[in-house]
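Have the sequence and the 3D view ready, and look up each residue as it comes along.

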Amino acid sequence: SEDVLSKDAGECAICLEELQQGDTIARLPCLCIYHKGQVFLGMHIKFQKVAFIVCIDEWFEVNRSCPEHPSD
C-alpha cells in the first residue's frame, strides 16, 4: 500500500537516503517501508539540474520481492 510517513524512520535500504516525515512511502506486506515515487535529492544551481530517485517503483520493475526479505 502507499501512504505518507508520519515520523522519521531511518534509512531507505534501496537509495540509502533518510525516510523523513511527510515522504510518500510504499509499505510492503512484510512491513518494510521504502520511498514511493520520485524522491527529491537536491538541485545544483550552477548546472540547473535537479536530482531524483525512484526507489521501490524501479526496484519492482526487475524484482518481485522485498529488498530485505528476498525469500519471502
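## Asp23 and its partners

Start at Asp23: a polar atom of its side chain lies 2.8 Å from the backbone nitrogen of Gln20. The side chain of Asp23 also joins that of His35 in a polar contact of 3.3 Å. (A polar contact is a pair of N or O atoms within 3.5 Å; within protein, one must be able to donate a hydrogen and the other to accept it, and residues adjacent in sequence count only if both atoms are side-chain atoms.)

You'll find Asp23 in the loop between S1 and S2. Leaving out residues up to four places away in sequence, Asp23 touches Asp3, Val4, Leu5, Glu18 and His35, where a contact means heavy atoms within 4.5 Å. Asp23 is buried but has no salt bridge, and the nearest side chain of opposite charge, Arg27, is 12 Å away. Buried means under 20% relative accessible area, exposed means over 50%, and partly exposed is in between (1.4 Å probe, protein chains only). For charge, Lys and Arg count as positive and Asp and Glu as negative, while His and the chain ends are not counted.

## What you're looking at

This is a predicted model, where local features need pLDDT of at least 70 and side-chain atom pairs count only at pLDDT 80 or more, while totals for chains, interfaces and linings use all residues. Residues are numbered from 1 along each chain as its sequence is written, and side-chain values use heavy atoms, with hydrogens and water left out.

Helices (H or I, at least four residues) and strands (E, at least two) are DSSP runs, numbered from the N terminus. Of the protein's 72 residues, 26% count as buried.

## Two salt bridges

How many salt bridges does the structure hold? There are two, each one a side-chain nitrogen of Lys or Arg within 4 Å of a carboxyl oxygen of Asp or Glu. Side chains of opposite charge can pair when their charged atoms come close.

One of them links Asp3 and Arg27, with the closest N and O atoms 3.4 Å apart. Asp3 sits in strand S1 (residues 2-4) and Arg27 in strand S2 (residues 24-27), so this pair ties together parts that are 24 residues apart in sequence. Asp3 is partly exposed at 24% relative accessibility, and so is Arg27 at 31%.

Lys36 and Asp57 also meet in a salt bridge, at 2.7 Å from N to O. Here Lys36 is in the loop between strand S3 (33-35) and strand S4 (39-44), and Asp57 is in helix H1 (residues 56-62), so the pair ties together parts that are 21 residues apart in sequence. Lys36 is partly exposed, with a relative accessible area of 26%, and Asp57 is partly exposed too, at 28%.

## Cysteines without disulfides

Now for the cysteines: the structure holds zero disulfides, a disulfide being a pair of cysteine sulfur atoms within 2.5 Å. The sulfur of Cys12 has its closest cysteine sulfur in Cys15, 3.8 Å away, which is too far for a bond. Cys12 is buried, at 0% relative accessibility. Cys32 is in no disulfide either, as the nearest cysteine sulfur, that of Cys30, is 3.6 Å away.

Cys32 is in the loop between S2 and S3 and is buried, at 11% relative accessibility. Among the residues that Cys32 touches are Ala26, Cys66 and His69. Cys32 and His69 are 37 residues apart in sequence, yet 8.9 Å apart in space, C-alpha to C-alpha.
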